[in-house]
Amino acid sequence: MHPVVYVIIVVVVVYAIIMIARAVNRGANSHFICPKCGNDFQVTGAKYAFSPKTFTSHDVTCPKCGYHGFMEVQPGKK
Ligand SMILES: [Zn+2]
C-alpha cells in the first residue's frame, strides 16, 4: 500500500478516538430528566457516546420506570 494510506488511517483513528473521548466526557457532565416519572438520572459515558442522538437529545432509557425515548440533554452533573 502507498504510505499515504497509512497516514490517512492513523488520522481517521486518532480523530475517532478524540470524538469518542469528548462524547464520554460530555456524558459525564450532563444528565436527563425522564418525561414520564420526572427521574433525574445520568447514563455512563460509553452509553452517552454510542446512543442514537440528535443535536439536543439522546435516545436513552430511564433506570427508574424503564421509559425509553429521546430525552433532552441537561447541562451539568445530576
Ligand atoms: Zn422514568
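The legends below describe close-up views of a predicted model of one protein chain.

In this predicted model, local features need pLDDT of at least 70 and side-chain atom pairs count only at pLDDT 80 or more, while totals for chains, interfaces and linings use all residues. Residues are numbered from 1 along each chain as its sequence is written.

**View 1. The overall course of the protein chain.** The secondary structure comes to 2 helices and 5 strands, where helices (H or I, at least four residues) and strands (E, at least two) are DSSP runs numbered from the N terminus. Read along the sequence, these elements follow the pattern α-β-β-α-β-β-β. The radius of gyration of the protein chain is 16 Å, well over the 12 Å that the globule rule gives for 78 residues, so the chain is more spread out than a compact globule; the radius is taken over C-alpha atoms, and the rule is 2.2 Å times the number of residues to the power 0.38. Along its principal axes, the C-alpha trace spans about 55 × 20 × 20 Å.

**View 2. Helix α1.** Helix α1 (residues 3–28) has 26 residues and reaches 38 Å from its first C-alpha to its last, close to the 38 Å expected at 1.5 Å a residue, the expected span being 1.5 Å times one less than the number of residues. The helix is hardly covered, with a count of buried residues of 1 among its 26 residues; a residue is buried if 20 or more other C-beta atoms lie within 10 Å of its own, with C-beta atoms placed from the backbone.

**View 3. The nonpolar core and Tyr48.** The largest nonpolar core consists of 5 residues, namely Phe32, Val43, Tyr48, Val60 and Met71, a core being a set of buried Ala, Val, Leu, Ile, Met, Phe, Trp, Tyr and Cys residues joined through C-beta atoms within 7 Å. Leaving aside neighbours within four places in sequence, Tyr48 is in contact with Ala23, Val24, Arg26, Gly27, Val43 and His58, contact meaning that the C-beta atoms, placed from the backbone, lie within 7 Å.

View 4. Strands β3 (residues 57–61) and β4 (residues 68–72) run antiparallel and are joined by 5 bridges, two strands being paired if DSSP finds at least two bridges between them. Val60 has Gly69 in β4 as its bridge partner. The hairpin has 6 residues between the strands, and Gly66 takes a positive phi near 85 degrees.

**View 5. The open sheet.** The 3 strands of this open sheet have the order β2-β1-β5, with antiparallel pairing. Because β2 (40–41) and β5 (74–75) stand at the edges, each with a single partner strand, one side of each is left without a neighbour in the sheet. Strand β1 (residues 30–33) pairs with β2 over 2 bridges, and Ile33 stands opposite Asp40 in β2.

Key
Buried ≥ 20, exposed ≤ 12 C-beta atoms within 10 Å, placed from the backbone. Contact = placed C-beta atoms within 7 Å.
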